[in-house]
Amino acid sequence: DEMIDGDKPFDMTFTFTSDDESYQAIEPMKISGTVKDADTAEIFVSMGDAPIVKEGSSDFVTMSLTLSSKPTAAVDIAISVTDETEIKASKQSIRFNTNSWNSPLDVLVRPVDDEIVDGNIKSKVVLKMTSSDKNFNGKTQEIEYTTIDDDKAGFVIESNAASFPENSGSQVTMNVRLLSQPTFDAAADCY
């Protein structure tokens with residue numbers, strides 16, 4: 001039935017009819033049981049790609065979200081991330097109602113290029129449901145992502161001249177640029 005409505009007891013009575021006299025004497029049979037409710041209050045997350053994104057790229061992962069069963073009221077899902085220096089979600093919230101609960105809503109997860117050599121970092125997209133439907137209200141789901149670091153330590157020297165004559169008194173301007181943001185002060189000596 002696609003709704004969380006609990007276990008339901010049932011009674012069934014079987015009666016027999018037949019032109020065969022031996023079957024005409026069979027008494028009706030009553031069977032009782034319980035239909036177990038298999039519906040759950042969850043968020044189904046479908047992704048075409050693994051939850052891996054690479055810094056410095058236009059990569060993204062699409063999460064298609066639906067509910068696992070029909071709610072009795074609208075379900076709002078707040079979307080947050082555990083480390084905004086690594087990933088960003090395209091939406092902060094989405095809403096499913098009693099008619100759209102199984103229509104996928106997409107959220108894009110993109111990498112943040114932090115320009116810091118910090119290695120591959122794991123972080124999570126957190127989905128938190130609120131609803132007047134008590135089955136869904138307060139439930140949280142987390143999806144772990146890995147951000148592949150594209151930064152490396154190093155520097156580049158840029159100059160306004162490729163060469164100059166010895167003892168000419170000429171000046172050459174050199175700019176030193178770091179390839180990534182250091183986590184501590186960095187200095188270069190020239191001698």
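Colleague: What makes strand E10 (residues 121–131) and strand E11 (residues 140–148) a pair?

Modeller: DSSP has to find at least two bridges between two strands for them to pair, and 8 bridges join E10 to E11, so these strands qualify, and they run antiparallel. Within this pair, valine 126 stands opposite glutamate 142 in E11. The strand names come from DSSP runs numbered from the N terminus (E, at least two residues; helices are H or I, at least four). This is a predicted model, in which local features need pLDDT of at least 70 and side-chain atom pairs count only at pLDDT 80 or more, while totals for chains, interfaces and linings use all residues. Residues are numbered from 1 along each chain as its sequence is written, and side-chain values use heavy atoms, with hydrogens and water left out.

Colleague: Which sheet contains these two strands, and why are E4 and E8 called its edges?

Modeller: They belong to an open sheet of 5 strands with the order E4-E11-E10-E6-E8 and mixed pairing. Strand E4 (52–54) and strand E8 (93–96) each have a single partner strand, so one side of each lacks a neighbour in the sheet. Neighbouring strands are turned by 25° against each other on average, direction ignored, with axes fitted as lines to C-alpha atoms (for helices over the stretch in contact) and angles running from 0 to 180 degrees between N-to-C directions.

Colleague: How do you know that E6 is the partner of E8, and what do the two faces of E8 show?

Modeller: E6 and E8 run antiparallel and are joined by 4 bridges, with aspartate 76 opposite arginine 95 in E8. E8 has Ile94 and Phe96 on a covered face, and Ser93 and Arg95 on an uncovered one. In a regular strand the side chains alternate between the two faces of the sheet.

Colleague: What is the order of the sheet of 4 strands, and why do E3 and E7 count as its edges?

Modeller: That open sheet runs E3-E5-E9-E7, with antiparallel pairing. Strand E3 (43–47) and strand E7 (87–89) have a single partner each, so one side of each is left without a neighbour. Between E5 (residues 61–67) and E9 (residues 105–111) there are 5 bridges, and serine 64 stands opposite aspartate 106 in E9.

Colleague: Which residues touch the most other members of the largest nonpolar core, and what makes it a core?

Modeller: Met63, Leu65, Leu67, Ile77, Val125, Leu127 and Tyr145 do, out of 23 residues. Membership requires a buried Ala, Val, Leu, Ile, Met, Phe, Trp, Tyr or Cys joined to the set through side-chain atoms within 4.5 Å, where buried means under 20% relative accessible area (exposed is over 50%, partly exposed in between; 1.4 Å probe, protein chains only). Elements giving two or more residues are E5, strand E6 (75–81), E8, E9, E10 and E11.
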